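Thanks for making the time this morning.

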Amino acid sequence: MLFRSVNTTNIKVVDEDNKYIDITVALANDNKTVIVQPVKSYEYGKTYTLIVTNQVKSSDGKFLPSEVRMDFTTKSSPIKPSAFTVCIDPGQYYSLLTGASGVKAKDINLSTALKLGTILKSRGFNVVYTRSSDAVSWTQSGEDDAKALIAKNANADVFLSVNTNNSDAANTANGMETYYTTDNSKSKELSSTVQSELIKATQARDRGAKVGSFPLLNKTSCPTAITYLGFLSNPAEETLLGSDQY
């Protein structure tokens, strides 16, 4: 399918010195348009080359007949800092959840959260993290209050908590889900949008946006979504969650 060939292996950007630029690549909602964004901002007044290899499939399922190269020059001024602040929470710091390969949920969550923050910053958002390393300043019992205070002090407009799932019943449980509280209609809207876009981007099983009973949902003062990106207890999803591309 088209979306499987749209990735940073088949689509690349190089600078004037022919050095590869870190980018993110995604298929737009119309399933036709490819969106290429730099992980960090482009340098202004510089010329770059977008490379689309012949391993990319067209909408009819056929590979491109040859590699395509397109030069572009950045001329606009840097994005001014946005007044919109996103607080990102790499969840489950105290969790012992670990996949069969030894990968830890807290590490996957941190890696994902930092990548998300980098992308948001490149698009002009203000970003604050509840943690940006494998260390915290709070106790397990005071975790939710500490996170809510970080978001409050930053005047965050939204709070996004990144987590990884687990199932004791079987190793076949799979998919993504996002939680919100009924006390905030904007949290429901945020969670529904996040869940929808996650499924579009990954084609994972849609477990839905649903009401959650997590205390954190009622402690934050801004719209909050707690998302679970997959099951570490499922070997196939564990592999995906440990993949930079995914």
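Predicted model: local features only at pLDDT ≥ 70, side-chain atom pairs only at ≥ 80, totals over all residues.

Let me begin with Asp145, which is partly exposed at a relative accessible area of 45%, where buried means under 20%, exposed over 50% and partly exposed in between, with a 1.4 Å probe and protein chains only. Residues are numbered from 1 along each chain as its sequence is written, and side-chain values use heavy atoms, with hydrogens and water left out.

Asp145 sits in helix H3; helices here are DSSP runs of H or I with at least four residues, strands are runs of E with at least two, and both are numbered from the N terminus. Which residues of H3 are buried? They are Glu143, Ala146, Lys147, Ala148 and Ala151, and their cover includes strand E6 (85-90) and strand E8, counted by contact, meaning heavy atoms within 4.5 Å. After H3 comes Asn155, with a positive phi near 55°.

H3 also takes part in the second largest pocket, giving three residues, the largest share of its lining. A pocket, on a 1 Å grid over the protein atoms alone, is an open set of points where a 1.4 Å probe fits, with protein on both sides within 12 Å along at least five of seven lines, and lining residues have an atom within 4 Å of a point. The lining has 17 residues, with Gln92, Glu143, Asp144, Lys147 and Asn163 nearest the centre. Two or more lining residues come from each of helix H3 (143-153), strand E8 (158-165) and strand E11 (224-231). The space in this pocket is about 310 Å³, a volume being the space filled by probe spheres set on grid points joined across faces, edges and corners.

Elsewhere, three strands make an open antiparallel sheet in the order E1-E4-E5, where two strands pair if DSSP finds at least two bridges between them. Strand E1 (11-14) and strand E5 (68-73) are at the edges with a single partner strand each, so one side of each has no neighbour in the sheet. E1 is joined to strand E4 (residues 47-52) by four bridges, and Val14 has Thr49 of E4 as its bridge partner.
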